[in-house]
Amino acid sequence: MKRALRIGLLLAALLVSASAFAIDPLPFKDAQQRERFQHLTSQLRCLVCQNESLNDSNADLAKDLRHEVFQLMQQGKSDDEIKQYLVARYSDFVLYDPPLRASTVLLWFGPALVLLGGAAVVVLTVRRRGKSGTAEAPAAEEEW
Amino acid sequence: MSRALPLAIFLALVGLFGFGIWWNAHHDPREVPSPLIGKPAPAFDLPVLGDPAQRVSKASMLGKPYLLNVFASWCFACRDEHPVLMAEAQRLGVALVGYNYKDEPADAQRWLAQFGNPYGLVIADRDGRTAIDFGVYGAPETFLIDAQGVIRYKRIGALTPQVIAEQIEPRVRALAGGAP
Amino acid sequence: MIPELGQLALILALLMATLQCVLPLLGAWRGNATLMAVARPAAAGQAVFVALAFGVLAYAFLSFDFSVAYVADNANLALPWYYRFVAVWGAHEGSLLLWILLLNVWTVAFAAFSRHLPEPFAARALGVLGFISVGFLLFILLTSNPFTRLLPMPADGADLNPLLQDPGMISHPPMLYMGYVGFSIAFAIAIASLLGGEMDNAWVRWARPWTNVAWGFLTLGIVVGSWWAYAELGWGGWWFWDPVENASFMPWLVGAALIHAQAVTEKRGTLRAWTLLLAIFAFALSLLGTFLVRSGVLTSVHAFASDPRRGIFILGFLTAVVGGSLLIYSLRAPKVAAGKAFATLSRETLILVANLMFAACAAMVLLGTLYPLIGDALGLGRISVGPPYFGFLFMLLMAPALFLLPFGPFARWGRADAGELGRVLRIVALAAAVLGGTLGFLAWRGSHEFRALLGAVATVWVLSGVVLYARKRWHEAPAGRRYPAELAGMLLAHTGVGVFLAGALLTTALSVERDVRLAPGESVRVGAYDFRFDGVQEIKGPNWLAQQGTVSVFDHGAPVTVLHPQKRTYTRGQVQTEAAIRPGAVRDLYVALGEPLGSGGAWALRVYDKPFVRWIWSGGLLMMLGGFLAAADRRFRAQRAPQPAPAVTSAPAESAA
């Protein structure tokens with residue numbers, strides 16, 4: 001919440017963000033667990049920040065939630081269980097990787113629709129242009 | 001037709017942006033609705049502020065509805081909210097329970113001594129672990145919990161007289177009338 | 001008095017812009033040479049006044065004129081002069097002025113280099129540019145005046161956000177805006193050709209160098225921004241898929257598609273409508289970025305202070321410019337397919353498919369960026385869309401384009417030689433499998449990340465195609481004409497794609513990140529290196545105090561470098577982390593300082609081993625150079641030579657639509 005006061009004056013077209021970032025030494029069991037933790041927290045959103053992941057954010061709440069994730073990991077919870085744990089408390093908003101639901105069908109399949117529509121146009125164009133005359137290569141090899 | 005398609009898509013986008021401007025002018029973009037509304041409040045077991053030996057749990061609070069107000073001495077918005085609570089606490093018709101969030105007990109007690117204590121009971125969550133179960137992400141927040149321990153309503157941000165009159169009082173009356 | 005002069009200059013510039021917009025368009029319509037001749041002087045006059053306004057604002061910063069609210073908000077007495085100058089574009093109002101200034105730079109350049117064009121055509125294009133200027137000048141005068149006075153005048157100002165007090169701030173915004181604004185030329189040329197009904201291929205030839213240069217600047221702007229985020233934010237990341245980054249990436253994608261489509265239309269006369277549409281889209285997306293950034297509609301780490309009035313104004317302007325141009329497009333775009341026919345297997349088809357992937361990718365980024373807003377609008381609840389979504393779909397959608405990339409240059413216009421493409425496929429596949437596979441396996445062994453393998457294979461795939469084609473030209477084309485600038489630019493840009501791929505995928509796969517607590521004398525091993533923390537001391541800068549750590553890096557006991565990460569506290573109390581980086585061709589070593597932990601001088605530190613991270617930006621720079629080089633091709637200038645600047649005398653012949 002304290003960070004909320006700081007919003008506003010940042011120049012936008014610039015790659016800018018809140019100044020201090022999260023350095024949070026945690027006692028991981030091994031490199032594998034550390035990487036899993038980094039991967040997981042970078043997919044979770046810090047609720048109180050403008051647009052930062054738990055991994056990046058220095059907000060107080062982000063730190064608490066990071067530690068919570070760490071604890072859950074020590075208890076042997078899987079990534080999905082940890083995500084569910086947070087979703088149950090904070091809603092889907094915490095997930096940067098929105099799960100496929102009725103509300104996100106358009107998000108996940110929209111690009112495929114665009115692609116299919118575009119592909120149909122491309123196929124039609126190529127067919128039509130193939131018939132519109134004899135396709136000839138340019139005479140001079142230099143014209144590349 | 002196909003030549004007008006880009007224009008049509010663009011106009012739909014303009015509509016979306018117009019909506020976005022309107023929406024942002026009327027909503028706090030930081031507000032994330034809680035998924036806990038209509039669900040049982042999480043189990044908790046926390047000490048009373050200033051009296052760590054005495055503990056309050058979800059079970060001990062069952063039987064009567066109450067308003068759980070998350071506050072902290074470090075929270076500026078809570079200071080703005082505080083006079084409203086002082087003025088309205090008696091008229092709410094429901095017990096007002098303070099939830100001291102991530103605060104030094106001494107700071108919180110000094111704060112209450114200075115600005116007044118509108119709460120019938122204050123519980124302290126020093127490390128904020130239980131607050132995560134409640135989905136708290138910043139003070140002030142306020143939960144309305146019914147006699148069965150179900151969360152009926154959550155306010156994110158400061159309570160105002162208007163919010164109390166329009167959002168909280170009708171719900172409190174409904175609870176008192178027995179209708180859920 | 002001087003700040004009022006700046007405001008006056010803006011008003012006069014608006015007047016000039018209005019003249020530049022209205023009279024030439026009218027003249028071109030009525031066939032009136034006198035009216036058309038207004039375009040260039042009006043553009044020059046406008047540029048003078050805008051430059052004057054910009055100079056006045058810069059002077060206000062340099063002379064500590066805190067009676068100007070914008071200066072008082074973004075500078076103080078302790079700020080060094082170079083950052084005071086940079087502070088001119090440090091917030092909304094001034095950056096808008098920079099945008100207008102650069103629009104004028106482009107307009108004047110176009111006015112100067114368009115004398116060989118038919119006069120009605122140049123007049124229409126300049127009129128369109130004038131219209132854009134009018135919109136932005138009105139925007140700045142009505143909603144975002146940088147010269148507003150602050151009374152009483154404060155003794156000292158606030159501060160420029162410490163994040164912006166960085167060398168990146170000097171070049172990133174101007175380069176990025178050069179790119180955004182540069183697309184206005186291709187846009188204006190497209191609209192001029194739609195208005196005039198000049199549907200032959202000449203307009204595309206005129207537009208091509210402008211598009212390439214604008215795209216090159218945009219690439220540079222994005223590269224600098226990415227590098228800056230990496231070095232300054234201390235996150236060690238280089239791309240976050242934040243809405244504001246996406247706003248710059250969408251015009252880049254469409255610009256890349258446009259460059260390819262323009263080549264087809266210019267050389268073969270086909271795909272004219274599509275090329276026109278892309279020219280409109282590239283600039284529309286630049287404007288859209290402005291809207292998203294400044295209206296506060298989306299949540300971003302980079303957002304400007306939002307003000308609904310500004311949002312409404314830009315939305316209105318966006319509707320006028322983009323809606324208007326799409327309306328013109330829907331009415332006047334060529335309905336009959338023209339140009340030379342092409343077979344299914346031809347360069348045209350390959351470029352068309354690549355274009356489709358670029359466009360689908362831009363649509364995906366747009367959808368993902370706007371989806372949270374769509375979620376609000378449709379009552380779907382609050383939705384976050386972030387890097388996992390964008391990264392996944394981006395890779396998926398770009399893969400076909402990358403697959404086709406080696407074949408593009410080999411495929412001949414009209415009809416490609418299937419046998420030759422088959423031969424290329426065999427060689428490239430063999431190279432990717434053997435060389436890429438070996439390198440990839442070596443990288444994969446360390447990390448067990450499939451992306452390491454993928455990165456090596458994809459890079460070799462792309463680069464071997466480029467090398468193969470360069471070799472073919474060497475053997476087959478006559479000496480001296482082997483690598484004309486346009487072709488060399490293409491090869492360079494495609495090399496950039498390969499280099500970028502290696503950087504992006506290998507960095508992602510092989511980076512090691514450690515957050516550690518170190519007491520003085522303790523060390524940590526990250527990758528193959530030992531980082532020894534030698535304590536923290538206090539040092540003083542022009543307007544900050546810093547805790548500066550000393551970290552010595554060793555490779556198996558041999559000293560490699562000594563790094564000095566800082567944690568600065570600026571005069572106004574803002575804290576800023578300055579990471580220390582040892583850059584390298586194969587890896588960056590990166591240390592950032594966190595918080596002191598307990599007594600005994602221990603600190604939290606973040607240590608990175610970032611292999612190949614420089615390749616990301618090197619690839620981007622190669623793409624930029626490719627864009628610039630291609631724009632320098634003699635072919636694009638050839639037309640001016642035979643008719644040496646007849647200036648305004650050309651006949652006012654109304655080209656029959």
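# Briefing: chains A, B and C

From the N terminus on, the elements of chain A run α-α-α-α. This is a predicted model, in which local features need pLDDT of at least 70, side-chain atom pairs count only at pLDDT 80 or more, and totals for chains, interfaces and linings use all residues. Residues are numbered from 1 along each chain as its sequence is written, and chains are lettered from A and ligands numbered from 1 in the order in which they are written. Helices (H or I, at least four residues) and strands (E, at least two) are DSSP runs, numbered from the N terminus.

**Chain A**

- Chain A has four helices and zero strands.
- Of its 144 residues, 43% count as buried. A residue is buried if 20 or more other C-beta atoms lie within 10 Å of its own, exposed if 12 or fewer, and partly exposed in between, with C-beta atoms placed from the backbone.
- Among contacts in chain A with a separation of 6 or more, 49% are between residues 24 or more positions apart. Two residues are in contact if their C-beta atoms, placed from the backbone, lie within 7 Å.

**Chain C as a whole**

- Chain C has 19 helices and 10 strands.
- The radius of gyration of chain C is 27 Å, close to the 26 Å that the globule rule gives for 657 residues, so chain C is as compact as a globular protein of that length. This radius is taken over C-alpha atoms, and the globule rule is 2.2 Å times the number of residues to the power 0.38.
- Along the principal axes, the C-alpha atoms of chain C fill a box of roughly 85 × 75 × 55 Å.
- Buried residues make up 61% of the 657 residues in chain C.
- In chain C, residues 24 or more positions apart supply 75% of the contacts with a separation of 6 or more.

**Domains**

- Domain bounds come from an automatic or database domain assignment.
- Chain C is divided into domain 1 (1-160), domain 2 (167-404), domain 3 (413-505 + 614-623) and domain 4 (512-612).
- Between the C-alpha centres of domain 2 and domain 4 of chain C the distance is 39 Å.
- Chain B is assigned domain 1 (1-29) and domain 2 (31-176), and the centres of these domains, taken over C-alpha atoms, are separated by 39 Å.

**Strands of chain C**

- Two strands pair if DSSP finds at least two bridges between them.
- Strand β2 (residues 523-526) of chain C runs antiparallel to strand β3 (residues 529-540) of chain C, and four bridges join them.
- β2(C) and β3(C) form a hairpin with two residues between them, and Gly527(C) in the turn has a positive phi of about 65°.
- β3(C) also pairs with strand β4 (residues 544-555) of chain C, in the antiparallel sense and over 10 bridges. The hairpin that joins β3(C) to β4(C) passes through three residues.
- Arg532(C) in β3(C) stands opposite Ser523(C), and the bridge partner of Arg532(C) in β4(C) is Ser552(C).
- Four strands of chain C form an open antiparallel sheet in the order β1-β10-β9-β8. At its edges stand β1 (512-518) and β8 (580-582) of chain C, each with a single partner strand, so one side of each is left without a neighbour in the sheet. From one strand to the next, the twist averages 20°. Axes are lines fitted to C-alpha atoms, for helices over the stretch in contact, and angles run from 0 to 180 degrees between N-to-C directions.
- Eight bridges link β9 (residues 587-596) and β10 (residues 603-611) of chain C in the antiparallel sense. Asp588(C) has Lys610(C) as its bridge partner in β10(C).

**Where chain C meets chain B**

- The contact involves 25 residues of chain C and 19 residues of chain B.
- On the chain C side, the elements that give two or more residues are α11 (272-295), α12 (308-332) and α13 (347-377). The largest share, 11 residues, comes from α12(C).
- By class, this side of chain C has 15 nonpolar, eight polar and two charged residues. Ala, Val, Leu, Ile, Met, Phe, Trp, Tyr, Cys and Pro count as nonpolar, Asp, Glu, Lys and Arg as charged, and the others, Gly among them, as polar.

**Where chain C meets chain A**

- The contact takes 83 residues from chain C and 56 residues from chain A.
- α13(C) gives the largest share of the chain C side, 12 residues.
- The chain C side divides into 47 nonpolar, 24 polar and 12 charged residues.
- Ala337(C) lies in the loop between α12 and α13 of chain C and touches Arg128(A), Arg129(A) and Ser132(A), not counting residues up to four places away in sequence.
- Ala337(C) is partly exposed, with 15 other C-beta atoms within 10 Å.
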